[in-house]
Amino acid sequence: MSISTEYKWKLLFDFKEPVVKKQVDLQSDILIHGTKARNRAIHGDVVAVEMLLRHEWKGRTASLCENDTEEKAPGDTSSEPMPTGRVVGIVQKNWRDYVVTFPSKEESQSQGKNAQKILVTPWDYRIPKIRISTQQAEALQDCRVIVRIDSWESTSVYPNGHFVRVLGRIGDLEGETAVILVENGISVAPFSAAQMCEMPSSTSENPWKVNPEEELKRIDLRNTHLVFSIDPKGCEDVDDALSIRTLANGNLELGVHIADVTHFVAVNSYTDIEARARATTYYLADRRYDMLPSILSADLCSLLSRVERYAVSVMWELDKNSYEILRVWYNRTIIQSSYKLVYEVAQGLLDGDLSVVDDILELKELDERTRQQKLEELVWAIGKLTDIARHIRAQRDSCGALELEGVEIRVQLDDKKNIHDLIPKQPLEVHETVAECMILANHWVAKMIWEDFPHHALLRQHPPPRQEFFSELRECASAKGFSIDTRSNKALADSLSKADDPLDPTVNKLLRSMATQAMSNALYFSTGSCPEEEFHHYGLALDKYTHFTSPIRRYADIVVHRLLMAATLKDTKVDVTVNLFSNKDLEELCRHINKRNRAAQHAQKQSTELFQCMYFKDKVSETDERCTADGVIYSIRTNGVLVFVPRYGIKGAAYLKNKEGLVISCQSDGRCVWKPGSLQRFQNRITSITVAGEHVTLSLFDHITVKVSVQSSRCHPDTIKLEIISNIPYKNTATELYQKNFHIMKTDLIKEVTRSAEEALLAQEKKRVEVIQEEHQEYCQTKGISLYQLLEEIRDLALLDVSAGN
């Protein structure tokens, strides 16, 4: 049957090739193969698509490609054919500012000295070259420049555009950072005079103070609660703080205290309108661009220690033994945080490492007796919070909450702002402690605002992923003998827990990373725009969820604060509902915030990649030890493999066949050289065969030694280049990674070893009558906590998922 129906789609580039995606769920994307089929459509355009006949369908390429802009050969389609179409019309253009590079002197000469039109190359490889008229081509050869597209005639291969302005020089940090901002549509203009006039006054001579009238409207927690914050090093915009205390009846009271930004940001004020446009604070590898003026974000709203602050607090009474929630209440409060802790110090206190006490500034000025008393109170509070967080997490786990993985790298700069090192994020239990408390607050606030405003509450949904996106995960897991069940979040979570190779903890990390990549994006939405059964958050396993805990850096949280205050004040004479969004307006706002959030995520990722390249660019890869590292193969392609480098959080391509047609061959000592030969690709491995008959096979999850260097480009962003130099693991990687990046108490290790041994003995007794092979299979796939899982946490990286998890 011929298929010629036209549909409206959004053109996007996926897996290096353009696909179109409809605004509703599909069984499959539609592949648009080649420039002709793209028909002058540009990434992000809304287009009309005509489906091709089934025998004309093509598959995505399965080969690695150095130049992502080059056309793939039609025959290079190792994957199964998928629905394929061609663009027949552009419904809505998505033209924007584009960063481009002028041709080099040699390229300009090839176009002719008298050429009035110049072809410039966009920084984004998905955008075609643009033809512009300019007399400044020679002067701008070493610069990044902004241009805009004006038209694209049907008879032309390239669109026409015009010069706008210069951003900076190629390779310069500030210039390249400006490129990232422009490409993601991020405005970093200073706050206007009108906005700054709305800010409260606070100087060293006359600091801001709590208003006596406001004091009467709030619950005062300053002298009754031990409040403290736990944040990353250098954090200035402290959104949240925690408290825990024992009540008179013996039960516990857990408190989450969030900066009351809405007290300072009035609805539709200049500051509010600007915050709504920015939608979020943008975090790059070496800087941030605030959503709110710094007097709010870093001072008056920030819950710093030893200063009085306005907060919105959620408080729970918990059963002293079971931690069951007995009641919850929401209030505007006044707090005074006692401590501003960093994660590493809080973890040290939790582990009993008293050497970190010297890093707690708030304790330094106290006498020994008072200091010891305060320290004991703080240690008890952190320990009790962690116990409660474990309980909350266990409840979510039982409902199918997912433990997802990603890569987060911290750029370590020296005093002169030079890149000293790239440090993988260190997973600590206190990260989960804080996260679970925030998730709990977000969940309960979501329920509260939905009950009072069922048709225009702002919530956050995480749709279930499409099953086709799990295919690579299932294939990779099967290579290690594991079966991944993706029918539900609970089934996926359980099978990922079982997919544990005791001889290589990296396997589970990579499988979880693949599961993360398969996830749909979590999105903000208005409750009046979809049925209640679609509210569910797949990753967190919660029926209702929102964002309430970071109003300093997310506009969605400001909206939620206003909804919560309207709900809690509904029985008073104060009518705050007049300032709330209708369902239609809230839908439009959610679309805007979702778009800005995606831009923030892309910018942060591109900034990290920029610094990764800058770190390696000035190093001689042949002699510098820092350029040699352990890599793990996680995907097989027709001409190479994809490799993960845990030390630097890098994922990249490593070729087994070079441009000259030579294939990789490994010597007896593991060193690799290039020789004439051919490659044979299988599902879980790839084999290189030289003309002399030498064989080398690389399989999924093999550890190899790679050399890291930089592939420079004038027109596009630099990229990391990986070269396999040995088919055996890098000898020092494990030891260096354990010692450098992670800290764990010896007593905790002994506890885990003991418990692991006890579980093994019980399992052995239970399975005594089964055959040895079945026993071996069971123990390899145990889902109990083991020493190997502990070492897995020590070795690898973790990323608190933003887009899918929260």
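Leu563 lies in helix α15 (residues 555–568). Helices (H or I, at least four residues) and strands (E, at least two) are DSSP runs, numbered from the N terminus. This is a predicted model, in which local features need pLDDT of at least 70 and side-chain atom pairs count only at pLDDT 80 or more, while totals for chains, interfaces and linings use all residues. Residues are numbered from 1 along each chain as its sequence is written, and side-chain values use heavy atoms, with hydrogens and water left out.

The protein has 20 helices and 32 strands. Of its 806 residues, 50% count as buried. Buried means under 20% relative accessible area, exposed over 50%, and partly exposed in between (1.4 Å probe, protein chains only). Contact means heavy atoms within 4.5 Å. Among contacts between residues at least 6 apart in sequence, 69% join residues at least 24 apart.

Leu563 is buried, because its relative accessible area is 2%. Val182 lies in helix α3 (residues 173–183). Val182 counts as buried too, at 16% relative accessibility.

| Pair | Separation along the chain | C-alpha distance |
|---|---|---|
| Leu563 and Leu458 | 105 residues | 8.4 Å |
| Val182 and Arg96 | 86 residues | 9.5 Å |

Not counting residues up to four places away in sequence, Leu563 touches Ile449, Phe453, His456, Ala457, Leu458 and Leu580. With neighbours within four places set aside, Val182 is in contact with Asp97, Val99, Ile146, Arg165 and Leu167.

Now helix α14. Of the 13 residues of α14, 12 are buried. Among them are Lys509, Arg512 and Met514.

Helix α12 (residues 471–479) packs against α14 at an angle of about 165°, with the axes 9 Å apart. α12 is therefore roughly antiparallel to α14. Axes are lines fitted to C-alpha atoms, for helices over the stretch in contact, and angles run from 0 to 180 degrees between N-to-C directions. Under 35 degrees counts as roughly parallel, over 145 as roughly antiparallel, 65 to 115 as roughly perpendicular, and the rest as oblique. Glu472, Leu473, Cys476 and Ala477 of α12 meet Leu511, Met514 and Ala515 of α14.
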